[in-house]
Structures are given as structure tokens and as C-alpha cells.
Amino acid sequence: MYREYSLEKQGNEHGLIQVNPDPVIRGQEAWGRLKKSLADWFAVAEALHHGQHLAMLEARTNKPVGARFQAIMGEWLRTTGFHEIDKGVRSRLLDCLKHRAEIGGWHKTLPANKRQQLAHPNAVWRAWRKSTLSGRATVTARPSPTAKYKDEIARLENENHVLRRAGDDLFTATDTAIDIARLLADRLLRVTPSKARQILELLPELYAERLAETPHDKARPHTRTKRRTVEDFQRDLAARKAAAAGIQS
């Protein structure tokens, strides 16, 4: 976590001013300037992105969400002074940073006076999306809370459906007897031993009752049909040709 920073730029041996390699310090310097250029705002965006990355590492998450992440990110913002930036502006800065190359190229095409006036991230974002087809095409609308809620309901319903099917299809007719017995034994381990014994005692009687209720033709196991050989196919083909010849004559 960042605690204290020296906002002074260091000179090299030739007395030239060097840009500080630390993105947070560069962002603090840019935020401290009264009149900020688009480059200054991007420097602030880089600092916020860097802080977000640190907070995600600290929170052990791969997404910038969650109570722990929010707490760590909030502390980082207060420590670095970026908490003074409006939350909506911070969010827009990160949006602009994702499309920095496109926005930068578009911004250079503007007249000099327009470039000087258009620097704030909110104004830049609106103007870029409005004036460029790529801006409208590359930015997807964020789902509303209602849409997220409906998606979550659909996901849970699908998950419940899968679980119900898994419960209904414990085994199939192609499973071996030992596999089915093992499966039933595993299920019986979930109940008390006395209840398991009662279930095993009731099974023969219940099976006999269900077998009596089932029609005989359905209860009878299906026999495999004999596979046709090449000779069978040739005999059938010859018979059909002979029959066709007799009809024509």
C-alpha cells in the first residue's frame, strides 16, 4: 500500500527533468494541477488502474468487486488522495483508459481550441462516443440491476433443473447390477443404520407390488433383434426385384 510520496521530480546528471516511473506519483502530480490536460487525466486513470490492481491482489480476487476489495480500495484512495475525485469520474476515467488509443487518435483530429476545451473525462467520453462510430460500437451497455437479477434467477432455475434431473436419473438400464447396488448403498449411508435396514426390508415387497402394477409387455426385458447379414440383404433385394418384374409383366 502507498503511504507517503515525494511529489518532487528528480533531475538527472544533465539537469533535465525526468518523469517519475511510479504511476501513482505521476497521477498525483497530474491531479494536483489546476488545469488538467487529457494527458493529465490519463495519468490519473493509470494511477487508479494501478491501485485497483493492488487492491485486487490484496483481496485475492480477479475482479474489482466484493466487500474486501472495496475496503482495501477505499483505504488506498484515502491514502493517495484520489478519494477527492468523484466516484463517477473515477469510473469514467477507467472507461477512457480501456479505449485510450482510440480516444487519443480521435482527440488529435480536433481543432486546437477544441482540444484545449475538451479534456474532462466525462466530456471526452460523451463527445467521443457521439462523434465516432467505433466509440458506439466498441462500448457495450452495462446491464441494469434488474437485468442482472433476472439473469441470476435464470441461472439458479437452470441449476435446480439440472440437480432435479440428476436426482431422477440415478441409474439407467445399461448400468450393471453391481454399479446400481453401490449407488444405492452410497445413498443409504446418508440415513441412520436403523432406517437403512428398514428400507432394505421393504424393497422386495415394494418391488413385487410395482412389478404387479406394470403391464407384462412393459416389464418384460427387451430382446435384441438379430443383426441382418449381407446374405439377408441380397435375398431381400432379389425378392423385391422378382416381385417388381412380376407386376410389370
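Me: Does Asp95 count as buried or exposed?
Reply: Asp95 counts as buried, at 10% relative accessibility. Buried means under 20% relative accessible area, exposed means over 50%, and partly exposed lies in between (1.4 Å probe, protein chains only).

Me: What kind of model is this?
Reply: This is a predicted model, in which local features need pLDDT of at least 70 and side-chain atom pairs count only at pLDDT 80 or more, while totals for chains, interfaces and linings use all residues. Residues are numbered from 1 along each chain as its sequence is written, and side-chain values use heavy atoms, with hydrogens and water left out.

Me: Which side chain meets that of Asp95 in a salt bridge?
Reply: The partner is Arg92, at 2.6 Å from N to O. A salt bridge is a side-chain nitrogen of Lys or Arg within 4 Å of a carboxyl oxygen of Asp or Glu. Arg92 is partly exposed, at 24%.

Me: Where do Asp95 and Arg92 lie?
Reply: Both are in helix α4 (residues 87–98), three residues apart, which is about one turn of the helix. Helices (H or I, at least four residues) and strands (E, at least two) are DSSP runs, numbered from the N terminus.

Me: How many salt bridges does the whole structure have?
Reply: A search finds five. One of them joins Arg100 and Glu46, at 2.3 Å from N to O. Arg100 lies in helix α5 (residues 100–108) and Glu46 in helix α2 (residues 38–59), so this pair ties together parts that are 54 residues apart in sequence.

Me: Which residues are linked with Glu46 and Arg100 in a network?
Reply: Arg26 is linked with Glu46 and Arg100 in a network of salt bridges.
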